[in-house]
Structure formats: structure tokens, C-alpha cells
Amino acid sequence: MFNDKKVVFSGVQPSGNLTIGNYLGAIRNFSAFSEEYHCYYCVVDEHAITVRQVPADLRRRTYETLALYIACGLDPEKNTLFVQSHVPAHAELGWILDCYTMFGELSRMTQFKDKSAKNADNINAGLFTYPALMAADILLYQTELVPVGVDQKQHLEIARDIAERFNGIYGETFVVPEPYIPPTTGGAKIMSLAEPTKKMSKSDENENAVVRILDSRDTIIRKFKRAVTDSGSEIRCGEGKEGITNLIGIYSCFTGKTTEEIEREFDGKGYGDFKLAVGETCADALTPVREEFDRLIADKAYLESVMVQGAEAAYKSARKTMSKVRRKIGFIELKK
Ligand code: TRP
């Protein structure tokens with residue numbers, strides 16, 4: 001079914017309730033590739049344990065992330081949806097690629113620096129080598145294109161460097177992947193509603209700063225109403241107007257309208273009207289996602305059948321790359 005198609009791979013960590021930043025910057029765009037590419041969308045539970053997790057929460061969120069993929073329009077018959085730890089080749093290639101990744105390169109990763117600052121009592125080796133495992137995820141499937149949010153660009157660059165380094169030593173082994181950063185808000189991030197100079201983060205302690213994909217309609221509208229803006233009154237993008245600029249960006253993502261169109265639409269209107277419009281538009285867009293999610297999450301047996309089917313399909317393809325890699329680096333392959 002998937003022969004000759006180019007490959008798309010992306011992953012989402014089951015480590016928190018996803019935000020509209022995750023939705024607009026990544027997941028919403030995933031289904032656009034389903035027809036033209038063979039798409040692998042992975043729930044990366046092995047990445048999640050680089051930060052300490054409560055086991056029951058991790059398990060629940062793994063189901064939830066898979067359900068959310070499907071609720072966001074990814075058809076399991078058209079995409080390979082699977083859980084990372086169900087395909088041992090990820091950890092296996094991850095180890096091998098650790099040996100082709102430099103200490104200095106890993107030390108420069110901003111996500112490592114941020115996460116070690118936040119988890120000062122648990123700066124474990126996995127947190128440090130995280131990008132090599134991510135490279136393994138991508139390279140295992142001979143991926144051409146990786147849709148990710150801007151914050152993952154640096155990890156994509158190191159994955160490309162690792163692939164090129166390995167290919168340079170052993171000859172063509174891996175396809176060198178390209179990032180696909182969706183043009184949401186002109187490539188900018190979705191910012192916090194409370195502190196619009198900071199990225200909207202799913203782990204923010206201030207719930208009002210974050211709009212989650214699964215928030216109720218009322219919650220979404222309330223959060224937008226409370227969004228921090230400036231003391232001016234015009235609906236315009238610009239410096240000193242980070243709050244309004246962010247809201248314009250979000251509104252633009254949901255409606256497809258340009259900044260100019262939005263500024264014209266709200267010319268002469270006040271912040272209150274605008275915030276309500278953004279809230280309602282966002283809530284309307286997410287209602288069907290939440291309803292589908294609620295239906296799916298009640299059906300664990302179905303979700304597990306998707307996991308089984310996904311893991312088998314992923315393994316089939318990963319196996320080929322692993323066998324090539326083992327041969328190239330000098331491991332003995334036993335005939336079974
Ligand atoms: N690091 C990504 C994030 O935190 C998740 C991820 C892991 C990923 N492996 C991947 C994304 C492979 C794209 C491709 O968002």
C-alpha cells in the first residue's frame with residue numbers, strides 16, 4: 001500500500017495535556033501529509049521518561065496522545081500510528097547513534113539546558129542524549145520530512161548531522177531528513193496568554209496562560225477573555241503589543257485570515273470584542289476534536305488494536321534499516 005511513497009515522521013511526548021501551540025504548530029498539520037507520504041506518527045514514551053513520570057499518568061497519557069492523534073484527523077488506516085516503546089529498534093538505534101553523537105554537540109542543545117535548569121535534581125544521561133534517540137526515531141524510517149514546531153529545529157539539525165556523519169563513514173545508509181516548520185503566525189510560536197513574551201508551555205503552572213486542546217468551550221473563552229494585553233486600544237500587531245500580536249496570530253491560524261484582514265475586521269472595535277472572537281473561534285474549532293477524543297478514550301480495546309497494528313507496520317520498516325546498520329558497523333547478523 002505504501003510502496004515508493006516518501007516518508008514523514010513526527011513524534012509527540014505523552015507528558016502533559018497538549019496546548020493549542022502543539023495543535024497549531026504540529027498535530028493539526030500532520031493529516032495534510034497522509035495522501036502523498038507514508039506517515040509515521042509516534043507517541044514517544046521513551047523520550048518522556050527523561051523527566052520523572054508517575055507510571056499511571058504516563059500510561060494514561062500514552063492512550064490519550066494516541067486518541068488525540070486520531071481525533072485530530074489522523075486515520076489509522078492511512079497513517080502508521082504507534083507507541084515508541086512497542087518498537088525496540090528505537091532504543092537499539094538510539095544507543096548506536098549515541099556513539100556517533102558528540103558530547104560538545106549535545107551540550108549546545110537549548111532544550112537540554114532548559115530542562116536541566118528545570119529538573120536540577122535529575123539531570124540524567126537520557127536527558128542529555130535525548131537528541132540521539134530522536135535522530136534514531138527519524139532515521140529508522142528513512143524519513144524525508146519531519147513536521148515539527150520551531151522549538152525542535154535544533155534537534156532536527158543534529159539529526160541531519162548525525163545522518164551525514166554516519167553516511168560519511170559507512171556510505172549511504174540514512175536519508176537525510178528535512179524539517180517542515182508550518183507557517184503558522186509567520187513562523188512565530190504561540191505565546192503564553194499571561195506572559196506573551198514567553199512560549200505557551202504545556203507545563204506552565206498558571207492555567208490561565210495555556211489553552212489546552214481538550215479544554216471545554218467555556219474554559220477556552222474564559223482564558224482568552226483574561227489574556228494579558230497592553231494599555232492601548234487598537235487591534236494591531238507590533239512592538240509593545242505582544243499580547244495582541246499573539247492573539248492575532250492565533251486567530252489567523254484558526255481562520256486562515258492574514259494579519260491585514262484581521263486588523264481591518266476589528267478596526268474600531270475594542271479588545272473585549274476581539275478576545276471574545278478569538279475565544280469563540282478557537283472553541284468552535286476544537287469542539288469536534290474534543291468530542292471525538294471523548295468517544296475514543298472510552299474505547300481502550302480499539303486504541304490497543306491501533307497500537308498493535310501500528311507497531312507491526314513500524315517494525316517491518318525499522319527492521320530493514322536496522323539490518324543495514326548492523327552490517328555496516330560490523331555486528332554479526334545471525335540467520336534465523
Ligand atoms: N522532541 C520532540 C518534542 O519534544 C518529540 C519527538 C521525539 C520528535 N522524537 C521525534 C519529533 C521525532 C519529531 C520527530 O516535541
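This is a predicted model: local features need pLDDT of at least 70, side-chain atom pairs count only at pLDDT 80 or more; totals for chains, interfaces and linings use all residues.
Local features require pLDDT of at least 70 and side-chain atom pairs count only at pLDDT 80 or more, whereas totals for chains, interfaces and linings use all residues. Residues are numbered from 1 along each chain as its sequence is written, and side-chain values use heavy atoms, with hydrogens and water left out.

The protein chain contains 13 helices and 5 strands; helices (H or I, at least four residues) and strands (E, at least two) are DSSP runs numbered from the N terminus. The radius of gyration of the protein chain is 21 Å, close to the 20 Å given by the globule rule for 336 residues, so the chain is as compact as a globular protein of that length. This radius is taken over C-alpha atoms, and the rule is 2.2 Å times the number of residues to the power 0.38. The C-alpha trace spans about 75 × 45 × 40 Å along its principal axes.

The ligand is surrounded by 13 residues, the closest being Gln 13, Tyr 130, Met 134, Asp 137 and Gln 152; a residue is near a molecule if one of its heavy atoms lies within 4 Å of it. The shell comprises 7 nonpolar, 5 polar and 1 charged residues, where Ala, Val, Leu, Ile, Met, Phe, Trp, Tyr, Cys and Pro count as nonpolar, Asp, Glu, Lys and Arg as charged, and the others, Gly among them, as polar. Both β1 (6-12) and α7 (125-140) supply at least two residues of the shell, and α7 gives the most, with 4 residues.

A nitrogen atom of the ligand lies 2.7 Å from a polar side-chain atom of Asp 137. For Gln 152, a side-chain N or O atom is 2.9 Å from a ligand nitrogen atom, and for Gln 13 such an atom is 3.2 Å from a ligand oxygen atom. The protein buries 90% of the 370 Å² that the ligand exposes when taken alone; accessible areas come from the Shrake-Rupley method with a 1.4 Å probe.

Helix α13 (residues 300-329) has 30 residues and should span 44 Å at 1.5 Å a residue, which agrees with the 41 Å between its end C-alpha atoms. The expected span is 1.5 Å times one less than the number of residues. A kink of about 25 degrees in α13 is centred on Ala 318, the bend being the angle between axes fitted to the seven residues ending there and the seven starting there. Gly 330, with a positive phi near 100 degrees, follows α13.

Gln 142, in the loop between α7 and β4 (145-147), is a residue other than glycine with a positive phi, near 55 degrees.

Key
A polar contact is a pair of N or O atoms within 3.5 Å; within protein, one must be able to donate a hydrogen and the other to accept it, and residues adjacent in sequence count only if both atoms are side-chain atoms.
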